[in-house]
Each structure stands twice: as structure tokens, then as C-alpha cells.
Amino acid sequence: MIRGEKVCLRPLRRSDLDLLHKYANDPEFESEFNNFGLKRDQHLLAAFEEDGLLSSQFANLVVTTPDDQFLGTVSYHPAPRYGPDASMAYNIGISLAPEQRGKGYGSEAQKLLADYLFNTYPVIRVEATTDITNIAEQRTLEKVGFTREGVLRRAQWRTGDWHDMVLYSKIRGE
């Protein structure tokens, strides 16, 4: 478990799956920025049974309060760059329950996750992308030390249209 002041990050437990399934097709939980269409029922069970959603290709952690109240999830996956394997970065993401947004949980969760990745893996870079209109997430990333690098034009297909994304990074030691 990764502990912070307001939040903790921990691996998924089987007991979390029902709650995550409830949220999987909830447009408020996914928000307009994470809505990629309907997910098949019980899609998490197979992945959880295979690797606990902690594979080398994708990892999902639960964000909780210190007393284990569910707040949402964070995820990370490899983001290969040009050149040898040493050029690998990680890309992170977050989904918080609507009633938990705006309370500082997201910023602490993303800071904890970036710190964890730097402390655990030999990467020099952690990235995050967000929709160009998601100003709250852009402020959050900047608050925890990420630097805006630029706009990825028409980089994401979502809700029937192409969307511009903003790329942020944090470099080891920043």
C-alpha cells in the first residue's frame, strides 16, 4: 500500500470488483473525458483473475481514504519512446467518483503514483495526457509538478469525434 496524507493507493481486491463494475458504465464516474463507450459486463473479473490488474502492460490501483473508503482508481501503462528500452516512460491516468472530485484527492493520488513509479522502475519520465478542455486536470497536474509539453492534435477518438489532448510530463528529480 502506498500511503499519503489524504489518500492511499492499493492493489484491487476481489471485493472491489462489484463496485468497479457498477462504475464501469456510469457516465458520471467515467466523466466526459474517460467515456470510451460501453464496457462488457464483468470485464474486470477475467483481468483480475489473470494478474490482479497489475500486469507489465497495464496496472490499476484503487484510491482510498486512509480508512479504506473508495475514492476512485489510478492506472499506469508503458509509453514506449524512440530508441532502446531505456527510453520507456509511464503514462498515468485517474478516475474519481464524482462526489470525491475537487477535494485534493486526485492531486495527491497522482503525485503518489508518479513518486512510486520513479522509486520502483528505472524510468526517467512519467507522462499524463488530458483533454484540452479538461482545465481542472491540467491545473492538478501542474500543481503536482508536471510540465505542459504541448498539444496532441486530434489524438483521441471519443464520443463520436476526435479530441485534442494536452501532454504533460514529470522528469525524475523534478
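**Hairpin of strands 7 and 8.** I started at the turn of this predicted model. Two residues lie between strand 7 and strand 8 in their hairpin, and Thr159 there has a positive phi near 50°. I then followed the two strands away from the turn. Strand 7 covers residues 147–158 and runs antiparallel to strand 8, with eight bridges joining them. I looked up Thr147 and found Ser169 in strand 8 as its bridge partner.

**Other partner of strand 8.** I checked strand 6, residues 125–131, next. Strand 6 pairs with strand 8 in the antiparallel sense, over seven bridges. Here Thr130 stands opposite Val166 of strand 8. Is strand 8 mostly covered or mostly open? I found eight of its 11 residues, 161–171, buried, so I noted strand 8 as mostly covered.

**Aromatic rings.** I searched the whole structure and got six aromatic pairs. One of them joins Trp157 and Trp162, with 5.3 Å centre to centre and 65° between the planes. I logged this pair as edge-to-face because its angle is over 60 degrees. Trp157 has a relative accessible area of 48%, so I put it down as partly exposed. Trp162 is partly exposed too, at 42%. I also noted one aromatic cluster, formed by Tyr76, Tyr90, Tyr116 and Tyr121.

**Helix 4.** I tested the length of helix 4, residues 105–120. At 1.5 Å a residue, its 16 residues should span 22 Å. I found the end C-alpha atoms 22 Å apart, which agrees. Then I listed its buried residues, among them Tyr105, Leu112, Leu113, Leu117 and Phe118. Glu108 and Gln110 are on that buried list as well.

Methods: Residues are numbered from 1 along each chain as its sequence is written. This is a predicted model: local features need pLDDT of at least 70, side-chain atom pairs count only at pLDDT 80 or more; totals for chains, interfaces and linings use all residues. Side-chain values use heavy atoms; hydrogens and water are left out. Helices (H or I, at least four residues) and strands (E, at least two) are DSSP runs, numbered from the N terminus. The expected span of a helix is 1.5 Å times one less than its number of residues. Buried means under 20% relative accessible area, exposed over 50%, partly exposed in between (1.4 Å probe, protein chains only). Rings of Phe, Tyr and Trp (its six-membered ring) pair if their centres lie within 6.5 Å; planes under 30 degrees apart count as stacked, over 60 as edge-to-face and the rest as tilted. Two strands pair if DSSP finds at least two bridges between them.
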